[in-house]
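Please read this briefing alongside the sequence and the model, which are shown next. The points after the lead are grouped by topic.

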Amino acid sequence: MHDWLLNSPIVRLFVIIALGYIVGEIKFPGGFRLGVAGVLFVGLACGAWTPSMELPPEIQTLGLVLFVYCIGLQAAPGFFKSFKREGLRLNLAVLLALVLTFVGAYALMRVTGRSVPLVAGIFSGALTSTPALGAVTETLTRSGANATEANLAVVGYGVAYPIAILVVLLFVQVLAARAGTGVAPAEVISPLATPVTISVETCDESGQPWRAGLVTQKTDVLLTRYRAPDGQTGLAADSSVLPPGSLVLAVGSAEQIRIGVALLGRVSPVNLQDELRGFEVHRYFVSNPAIVERPLGELGLAKLGAVMSRLRRGDVDLPVTDQTLLHLGDRVRVVSYRDREPEVRKFFGNSVTVLTETGYFSFALGIIFGLILGQVPLPVPGLSEPVRLGIAGGPLVVALMLGSLGRTGPFIWSIPNEVNLTLRHLGILFFLAAVGVKAGRGLLAVLQTDGLTVVMLSVAILLMAHLPFLVALHFFKQRNLPAILGAVAGFQTQPAVLTFAATKVPSGPLNTAYAAVYPLAVILKIILAQLLLTT
């Protein structure tokens, strides 16, 4: 059995992944789990147990490329928007804190005399940045460093990683405990409420009957169906007239519906949701490439005799407006006239088979562009060697650009959310298994000679990162606890911290802040980790 594992790299890979999953599911005090990082620790153990064990280097490269490209595609829609208003202050705090962390790590490296690869690995692990580790190992390989030096970076990462997660979870716990002592109350962002039937009792400012489009413009509430005073029912379009005595079905958040009721009249005891004569209500998968990444208002749903009332992407319900962009794999709830339902179904596609076969040409093309960009030398003043984004940064930057575009002519750059998650997790599993096995060979030697120093450096770098970050958030007058915790999780680029924080505060502003800072934090860590190698 032992020889079979040694001689079959594919079997070794999946045995490590399987055992890593088991280790990752072990719950530690406080509910903390290693998650996918369990694969790294199993890989380290296998490498230390059998130094001759190897995995093909292409597995590591492929895994990293898939992971960072999928991360970029997912983060792209909100990345550039995050530099506006609140997001700008959060990202300035990220920039300031990471630059100070880089300076501190460089100073510690000089003072302690520890090797550059080891400190670069500790830097990546203390900030739990797998893409940064990938950039470090790639840079070392490209510069001709021997295998021992490259493995030192992974060992430093492997030691610092669990320490970082535990310390940051402690930060979150302490910050959450301070919720009632000076931190502003959390802003509660409600999910979509149950649709409400509103009885129209008012007119607009000019004394004319309300039109559905004007109501939506004023309240952001979505009107889907109405019943006129004469009993005639229909789907609400922007031009639909709603005179006093009409009933209208409204969809939105609890706050939006409250505003809508105050504007139009009162909540009716009648439930239009139950009046389906002549209507069909269905949920469809979006699999038609022709309607993807185009504003909903331009798709002509009203001409089809249909209204889209709900949009679910992944596990999140999103508001529906004329500017909403559909993605492949979205699930939509649509109300249509009964005789038009076949046309509506064809319009959205509603094919899981087509969904899984769509977009791979654009996906591959984007990765090619990213790999090319990653090899472009970027001169940095004061450095003898130019910095390259590498196989981690290049695909990430291209994914952010292409993902924000959505589509270019016939090319749809986004991929279904489910496909993104699958490829991303497969990529990170491949990468962690490969680097773990490679670094495990030198793990025991490093721990025996420098174990205490590595632990102390890990904690020091982590403190140098988060203390300035929290000070910067305070300077920028960020007092909202969920936003602070989301920013901390995004700054750490660590989903485990986000999951833990979600048990302490409402998830709305938490997720918003996390998404706002995550992409910039990833990119800066990739660049700064490489700069450590060139200083």
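**Briefing on selected features**

Leucine 520 lies in helix 19, which spans residues 507–534; helices (H or I, at least four residues) and strands (E, at least two) are DSSP runs, numbered from the N terminus. This is a predicted model, in which local features need pLDDT of at least 70 and side-chain atom pairs count only at pLDDT 80 or more, whereas totals for chains, interfaces and linings use all residues. Residues are numbered from 1 along each chain as its sequence is written, and side-chain values use heavy atoms, with hydrogens and water left out.

**Leucine 520**

- Leucine 520 counts as buried because its relative accessibility is 14%, where buried means under 20% relative accessible area, exposed over 50%, and partly exposed in between (1.4 Å probe, protein chains only).
- The C-alpha atoms of leucine 520 and phenylalanine 491 are separated by 8.6 Å, although the two are 29 residues apart along the chain.

**Salt bridges**

- The structure holds five salt bridges, a salt bridge being a side-chain nitrogen of Lys or Arg within 4 Å of a carboxyl oxygen of Asp or Glu.
- One of them joins the side chains of glutamate 201 and arginine 266, at 2.5 Å from N to O.
- This pair links distant parts of the chain, 65 residues apart, with glutamate 201 in the loop between strand 1 (196–200) and strand 2 (210–211) and arginine 266 in strand 7 (residues 265–267).
- Glutamate 201 is partly exposed at 44% relative accessibility, and arginine 266 is partly exposed with a relative accessible area of 41%.
- Arginine 340 and glutamate 343 form a salt bridge whose closest N and O atoms are 2.9 Å apart; arginine 340 is partly exposed at 24% relative accessibility, as is glutamate 343 at 39%.
- Glutamate 341 pairs with arginine 345 in a salt bridge, the closest N and O atoms being 3.0 Å apart, and because they are four residues apart in helix 11 (residues 341–348), about one helical turn separates them.
- Glutamate 341 counts as buried at 10% relative accessibility, whereas arginine 345 is partly exposed, with a relative accessible area of 33%.

**Helix packing**

- Helix 6 (residues 116–126) packs with helix 16 (residues 443–475) at an angle of about 50°, their axes being 9 Å apart; axes are lines fitted to C-alpha atoms, for helices over the stretch in contact, and angles run from 0 to 180 degrees between N-to-C directions.
- Helix 6 is therefore oblique to helix 16, since angles under 35 degrees count as roughly parallel, over 145 as roughly antiparallel, 65 to 115 as roughly perpendicular and the rest as oblique.
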